[in-house]
Amino acid sequence: MGDMLKGKAALVTGSTSGIGLAMARALANEGCSVMLNGLGDPEELERVRADLAAETGAEIGFHGADMSKPAEIRDAVEKTAERFGALHILVNNAGIQHTDPIDRFPEDKWDAILAINLSAAFHATKAALPHLRRAGWGRIVNTASAHGLVASVCKAAYVAAKHGIMGLTKVTALETAEEPITCNAINPGWVRTPLVEAQIQARAEEKGVPVEEEAVALLSEKQPSKQFTTPEQLGGMLVFLCSPAADQITGAPMIADGGWTSQ
Ligand code: NAD
């Protein structure tokens with residue numbers, strides 16, 4: 001617990017679960033006001049919001065924008081600035097996955113992944129930049145992936161979107177280079193969130209092996225450390241990117257993949 005981000009306000013997209021929730025918690029633990037965002041059962045989402053507020057003592061709001069809808073994304077940015085009086089930090093984190101080879105990849109899944117994992121970050125960044133400039137300090141952090149740097153089979157849309165967000169990160173960094181605003185990417189390897197649990201379960205069922213055995217197999221294929229990256233580690237990286245030590249880090253991939261992309 002600290003107060004490095006006291007008086008600052010953040011919007012973290014896709015933050016009712018997994019990595020985004022841990023990132024929101026890390027910001028709130030530094031005194032930052034945070035607008036959560038995500039889809040799901042309203043009662044469950046309100047419980048997540050209230051628990052985080054009680055746990056951290058920070059102001060926590062919720063906006064239910066669907067990240068595939070540009071008007072709702074813009075509204076989430078505006079409502080965050082309205083509610084907290086300013087917007088300093090934007091974390092473009094919402095993401096979905098679908099795996100299939102290209103010749104069987106459903107077109108609607110391609111469109112949804114590109115919209116949520118890539119275009120949403122453009123719409124949110126466009127809407128947020130005037131607020132960050134008005135605040136006189138800003139951080140934009142895009143949750144990319146090891147798949148923003150290298151590819152895997154059966155993930156055409158995800159890999160294309162994550163490579164795309166690396167490009168958007170660099171352009172945002174260049175367009176804000178002379179301002180007290182930075183834009184960076186965080187590139188995790190495997191993190192055991194619901195998004196990855198679904199992949200482990202599917203693989204375990206297909207092979208007829210126990211889930212825990214398949215989790216080790218999944219790690220062994222890609223992540224030399226053979227350990228999952230944790231959401232808490234990624235929250236810590238986000239806080240570091242918001243610290244003065246990171247003032248000159250912009251347009252950079254911040255890799256936390258246990259050696260995946262070093263191979
Ligand atoms: P998750 O499924 O646990 O959480 C995803 C979050 O996004 C949830 O809050 C969900 O409600 C929200 N969301 C999904 N679709 C949405 C939509 N249309 N509008 C608004 N919110 C929406 O997943 P996660 O693993 O925490 O993934 C978060 C990010 O991290 C994603 O961008 C993902 O690609 C990236 N990532 C994950 C891993 C991993 O191994 N889990 C690795 C690298 C990168």
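A cavity here is a set of points, on a 1 Å grid over the protein atoms alone, where a 1.4 Å probe fits but cannot get out. Its volume is the space filled by probe spheres set on the points, with grid points joined across faces, edges and corners. The largest cavity has a volume of about 60 Å³, and a search of the whole structure turns up 1 cavity of 30 Å³ or more.

Before going on, keep in mind that this is a predicted model, where local features need pLDDT of at least 70, side-chain atom pairs count only at pLDDT 80 or more, and totals for chains, interfaces and linings use all residues. Residues are numbered from 1 along each chain as its sequence is written, and side-chain values use heavy atoms, leaving out hydrogens and water.

Back to that cavity. Its lining (residues with an atom within 4 Å of a point) is made of 13 residues, with Asn92, Asn93, Ala94, Ile116 and Ala121 nearest the centre. Helix 4 (107-135) and helix 5 (156-175) are the elements that give two or more residues to this lining; helices (H or I, at least four residues) and strands (E, at least two) are DSSP runs, numbered from the N terminus. Helix 4 provides the largest share, 5 residues.

Now for the open space. A pocket is an open set with protein on both sides within 12 Å along at least five of seven lines, and the largest pocket holds about 680 Å³. It is lined by 37 residues, and Asn93, Ala94, Gly95, Ile96 and Leu195 sit nearest its centre. Two or more lining residues come from each of helix 1 (18-28), helix 5 and helix 6 (194-207), and helix 6 gives the most, with 4 residues.

What about the sheet? It is an open one of 7 strands in the order 3-2-1-4-5-6-7, with parallel pairing; two strands pair if DSSP finds at least two bridges between them. Strand 3 (60-63) and strand 7 (253-256) are the edges, each pairing on one side only. Further in, 4 bridges join strand 4 (residues 89-92) to strand 5 (residues 138-143), and leucine 90 stands opposite isoleucine 140 in strand 5. Helix 3 (residues 70-84) packs on the sheet, touching strand 1 (9-12), strand 2 (33-37) and strand 3, where contact means heavy atoms within 4.5 Å.

Stepping back, the protein chain has 8 helices and 7 strands. Its C-alpha atoms fill a box of roughly 55 × 40 × 35 Å, taken along the principal axes.

Note on methods: Axes fitted to C-alpha atoms, helices over the stretch in contact; angles between N-to-C directions.
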